[in-house]
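Subject: Structure for you to look at

Hi there,

Here is the structure I promised to send over. Please open it first, and then read my notes below.

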Amino acid sequence: MRNRYASVLQVALIVTALGGLYFVAVAKHDERDALRRTSMELTPACRDKLQAYGLQFGAEYRSPYALKRTGSAQTLRGYSQEDVRSIERGCNIFDDLQGYAAKSGARERWYANRYVRGSQTTCVHCHQRVGDKQDAAGNRLVGSNGLGASWVMADMYDRFTGMLLPHEFRQMQCYINSSNGFKPNSVDDVVRDVTAYSRFLAAALDLKIGNRYPEQGMDEIPASATLRRGDDYVRGAHVYRQKCAACHGPQGFGTVVDGRVVYPALAGPNAFSLDSRMNFQKVNTVMSGFICRNMPLGQEGTLENQQCRDIAYYLSTLPRPAGDLQGPLAAAWQQLMMTVMPPLTKYAETIGHHDATRAAN
Ligand code: HEC
Ligand code: HEC
């Protein structure tokens, strides 16, 4: 008889515990839903961008950008409150992946630092102007890695995997290697919100689905687009010191002030991984194209194709995290290199400097 009571009690305990967990989960879920519905504070760049493109709740949408550029704008289906929130969150995630601007930890749905290892990466380091780079006259720029243009291409043939990758999978790739992080689920909020934002950009810029626009992706630079003197990382290191080091640091570790990134790291633990397409030794045309079209900031387009390839080659020789395909040995090796190389390089530079001053005397 006592045994029977004991087992009934056991079952009751288990049921109560599970029931409790269930209610906690439901409450958490409601909390997140409520959070998704509340209005949010946009980052300054997102506020400007979304305001300029006239994002608001309503039955119809007409693009101010199209109106200004062509004198007419189609009337498109408008956005629900939910759409507006999703687009806003998408922009914030893209601009402020680390959540610096988010007011409290409870608002983690509006940033995505749980998906990246470093404390510095954010999408706009490589997709400039919140994924929509333009010149002063409002022209979108060739090879500026634009999000709207990427979205209208829908499924894109990917020559590296041999697959048709939807916009969502492209985002996932960028989390894994370009941001040295982890893969969010393709229906995770962070992916859906960035997709909503990209789709809005496409509508605001009046882009047509299925078209290829020049601001999509990189304006890649193959070796054949140079005088074919061969790529040289020593030459690259030289140009890097002259044109890039002032912002990105002598060893490419970037510049951080008060915990905020001013200039992103191009090497070291906070940079993209060996498997990122930005890594010259993985794909030698993409980073070269990025540099020639988008850097040095403020003097874009001043470098020659060969210089961009040389710098990209040099950057790929610096230590950085291993990629997701390389296994624990490579990861340990890179970790070791990231630890010993910086002080060694610094030491070598002080000796070199010393010799140089002696020679000058
Ligand atoms: C270190 C640089 C870097 C960072 C950081 C980065 N990306 Fe990318 N992204 C790239 C490169 C390079 C491509 C590929 C362009 C190509 O293949 O032409 C790309 C492509 C994409 C594409 C497909 C665009 C296209 O037209 O091919 C999407 C979408 C995307 N990234 C989203 C993101 C998101 C979201 C983040 C932040 C979590 C992010 N990226 C962070 C460099 C970066
Ligand atoms: C005036 C400062 C400045 C100079 C000079 C400069 N950069 Fe940048 N760079 C930036 C900023 C800021 C970003 C982030 C994107 C943005 O805000 O436009 C960036 C982004 C980058 C990125 C993409 C970020 C990443 O995570 O990989 C690369 C690569 C890069 N720069 C390479 C270079 C190279 C190579 C040079 C020299 C030819 C150079 N930069 C010169 C300021 C600078």
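**Between the domains**

The shell around ligand 1 takes at least three residues from domain 2 (40–204) and at least three from domain 3 (223–360). A word on the source: this is a predicted model, in which local features need pLDDT of at least 70 and side-chain atom pairs count only at pLDDT 80 or more, while totals for chains, interfaces and linings use all residues. Residues are numbered from 1 along each chain as its sequence is written, and chains are lettered from A and ligands numbered from 1 in the order in which they are written.

The protein chain also has a domain 1, covering 1–33; all these bounds come from an automatic or database domain assignment. The centres of domain 1 and domain 3, taken over C-alpha atoms, are 55 Å apart.

**The two ligands**

Ligand 1 is surrounded by 25 residues, and the closest are Cys 123, Cys 126, Ser 150, Cys 174 and Gly 217. (A residue counts as near a molecule if its C-beta atom, placed from the backbone, lies within 6 Å of it.) Helix α7 (residues 167–178) gives the largest share of this shell, six residues. Helices here are DSSP runs (H or I, at least four residues), as are strands (E, at least two), numbered from the N terminus. By class, the shell around ligand 1 has 11 nonpolar, 12 polar and two charged residues. For these classes, Ala, Val, Leu, Ile, Met, Phe, Trp, Tyr, Cys and Pro are nonpolar, Asp, Glu, Lys and Arg are charged, and the others, Gly among them, are polar.

Around ligand 2 there are 20 residues, with Cys 244, Cys 247, Met 295, Pro 296 and Leu 297 coming nearest. Two or more residues of that shell come from each of α10 (245–248) and α11 (286–294), and α10 has the largest share, three residues. The shell around ligand 2 holds 15 nonpolar, four polar and one charged residues. Domain 2 and domain 3 each supply at least three residues to the shell around ligand 2.

**A helix crossing**

In the protein chain there are 13 helices and six strands. The axes of α4 (residues 81–95) and α8 (residues 189–204) come within 7 Å and cross at roughly 100°. These axes are lines fitted to C-alpha atoms over the stretch in contact, with angles running from 0 to 180 degrees between N-to-C directions.

Best wishes
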